[in-house]
Amino acid sequence: MGRTIIIGGGAIGLSLAYHLAHRGAEDVVVLERNQLTSGTSWHAAGIVGPLRATPNMTKLASYALELFPKLETETGMATGYRQTGGYWLARRPERLDELHRISALGRHFGLDAQVIDAGDVNVPGLDVSDHAGAMWVAQDANVNPVDLCMAYARAARSKGVDIRENIRVERIVTEGGTARGVALADGTILEAESVAICAGAWSKPLAQAAGLDLPLQAVEHMYVVTEPMPGLPNPFPVIRDMDTGIYIKGDAGKLVIGGFEPHAKIWDAFGPEGDRPFLEMPEDWDQFMPFMEAALELIPALAETGIQHFMNGPESFTNDTRPLVGAAPFVNGLYVAAGMNSVGIMSSAGIGRVLADWMVDGVAPMDLWEVDVARADPRTATPTHMADRMQESVADLMAMHWPFKQPKAGRGIRCSALHGSWEQKGAVFGLTAGWERALWYAQSDTERDLPYSVGEQSWFPLAQREAAQMNDGAVLLDLSPFGKFDVSGPDALCAMNTLVCAQMDVPIGRAVYTPMLNERGGIEGDLTVTRLGSQHFRITSGAATRWRDLALLRRRCAVWSVDLQDVTETECVIGVMGAAARNILSEVSYDNWVDFPFSTVRDLMVASIPCRATRMSFVGELGWELNIPADQARTVFDALTLQGAQPMGMYALEACRIEKAFRHWGHDLGPEITPLEAGLGFTIDWSKDFNGKPALEAQRAAGLSRRLCLFQVEGDPLILHDEPILENGTVVGLTTSGAKGARTGLTLALGMINISRGEKLSHTCSRTFEFDIAGQTYPARVLPRPPYDPKGERMRG
């Protein structure tokens, strides 16, 4: 690769430089506008917490345990890395559910994580008499942020990285949708093949001017350092008092106390003080006092201890409290790693490594969807939205992570043209993939504001009620947020046949379900492709992956003579599903809905409005998806409801799709899961060439070593995802998604498990499994077929 320019000399930028050098990149330049670490890295608390809430985030974070000691050996510089262990404290019993789930995941990845009684918390002077329990993580640690950064810098320089301080980047130079370098404040242009923005709180305008919108906001982040306290354990374990939002760590006989508050104070990184290196803002005891009071309750001896230093420095947060990492969706050669949400020091190891691999290899080295910058909706980057989100986003790091919890701040950024129609039917809206969509439909005020729970969900009876309507009647589903892209032009057929693994040379009017793969055979996109003309195709993908899918299609279509158009918001999509769907549609349309085969598409009229109807169903019932011009959708909606069709929410939809074992990208499918492993071999046309085919052929020849299975679980636990699956006490896999069936009442889950080479499904079904869910085990068995309408007679009839 040619020259790489990294903007930002903090922990993230220096780690990226270090890892690029390790990958053999020979011309890497780091540009820091002031001095190394002078933005936010210098005042970080330096807590290293390897255990995260999901497998991929835990993999990213745990790499620090390997790298930080290695850096000391490699450079001869101390980083202050020291394993201290840590306690996650729970004041409320519901919090223990989350801690049990996380600890089980941690043990699966080799961490010593255990949920213990409050009385077993072994820290002198800590009052946990009112706590429900805690989780102990032996690998929690501390590191000195500045020393760590200097070690990164020395190691990077030793491998040829050019690190320049006091160099201000004015803008990123782009040409034809590709980053070509940077323009410096003195007018100098530095050319480069790739540019990485690692400027923390100062990343947003650089990215925006280059065509990348970052939902990033700087806030004031505060902690205090106490006077020396005699008798503190050495080392002092990291303490997280989750339900008060505070953290405590030891610091050479003193304590560092900080927290993550609701209504965080917005800070303007581009105001008068935005350029000051090593900036400390004024003390704000009004803002910090709730944290201090919580710390005094937890450690009563603090009442007799002075405060040596009040630290108030800038920190950047994202709208969803997850980092923004990866390739810019619509600018070639531009990368970003920003928005670390106050865990940048710990994250620097894993983020630096995966982004370096991404830049060198041109593809992400693992499933990075959780942090992928391509997930970000451009509308979330507006200052107004980000200011609203800071009411919750900072606190969300430690706030109670209820299953199915919905944000309250910053809502309404994307609503379909039918939003008002759904609302009039009683919609209780939730944020799904950035869109306001009905989770369920309330028939009274008492059904609107339902309580959260770690057990039985209060909305489930309503989901059952809605799904039951399909038995004899029909429901309407809001499917408008689906990503919708048109591919047309002289090479459209060749392009599509290369992009996906199913055969695209099908009759016009045929809809085909097919994955889009990477070169490793992993599933990059979960698509339905409709042939609308000899060289015209409509791609429909998930709502959450719209920007990611569009970026991937843009890059892959660049070598073909085709036109790619995003038409997501020009059409509304209404799903009409249920036994009466055909009759209701026939009442509002003169077209033939009887002779209308499954997986076919027709242009027709519904309520005198031109629509495109696709015979398809994600709930396993007779049904059609109607694509309607957005400005005329209300007429169709009203006509359908007048004939008796009732609305159905997303929770009911999810509780129906699991009964059919239909897969969902981002959970059951992803870039590290192949169609063969996922049970989607039927989508593959082996007679043609397509992206990822050699990898699939090799896997088919070798035989599978793992398989995605549908499980029925006894005991009615709440299944979310990533719960360990046990066989004879050994973890053999993890769940990918789960739900209670709305029509069968069964507790179901999809899970990826290890199998013997060549093992048939019948043998897998004979094995005995247990699920580890929130500290308890539940018997589970693999189902050979979906429990609801296993032959698909209702859907295809």
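This is a predicted model: local features need pLDDT of at least 70, side-chain atom pairs count only at pLDDT 80 or more; totals for chains, interfaces and linings use all residues.
User: What makes α2 a helix, and how does its reach stand against the expected span?

Analyst: A helix here is a DSSP run of H or I with at least four residues (a strand is a run of E with at least two), numbered from the N terminus. α2, residues 55-75, has 21 residues, so it meets that requirement. The expected span is 1.5 Å times one less than the number of residues, and α2 reaches 31 Å from its first C-alpha to its last, close to the 30 Å expected.

User: Where is the kink in α2, and what is meant by its angle?

Analyst: The kink lies at E66, shortly before the proline P69, and amounts to about 30°; the bend is the angle between axes fitted to the seven residues ending at a residue and the seven starting there.

User: Why is the pair R389 and D396 called a salt bridge?

Analyst: The term requires a side-chain nitrogen of Lys or Arg within 4 Å of a carboxyl oxygen of Asp or Glu. R389 and D396 meet at 3.5 Å, N to O, and therefore qualify. A search of the whole structure finds 48 salt bridges.

User: What makes E569 and R546 a link between distant parts of the chain?

Analyst: Their side chains form a salt bridge of 2.9 Å, N to O. E569 lies in the loop between β28 (563-566) and β29 (571-577), and R546 in helix α12 (residues 546-557), 23 residues apart. E569 is partly exposed at 36%, while R546 counts as buried at 6%.

User: Why is the pair E677 and R706 said to tie parts together?

Analyst: The closest N and O atoms of E677 and R706 are 3.1 Å apart, in a salt bridge. E677 lies in the loop between α15 (650-657) and α16 (693-702) and R706 in strand β34 (residues 706-713), so the pair joins parts that are 29 residues apart in sequence. E677 is buried, at 7%, and R706 is partly exposed, at 24%. Elsewhere, salt bridges that share partners join D377, R379, R414, R546, D566 and E569 into one network.

User: Why is D685 not counted in a salt bridge, and what does its side chain meet?

Analyst: D685, in the loop between α15 and α16, is buried, and the nearest side chain of opposite charge, K688, is 6.0 Å away. The side chain of D685 does make a polar contact with the side chain of Q503, at 2.8 Å. That term covers N or O atoms within 3.5 Å, where within protein one must be able to donate a hydrogen and the other to accept it, and residues adjacent in sequence count only if both atoms are side-chain atoms.

Methods. Residues are numbered from 1 along each chain as its sequence is written. Side-chain values use heavy atoms; hydrogens and water are left out. Buried means under 20% relative accessible area, exposed over 50%, partly exposed in between (1.4 Å probe, protein chains only). Lys and Arg count as positive and Asp and Glu as negative; His and the chain ends are not counted.
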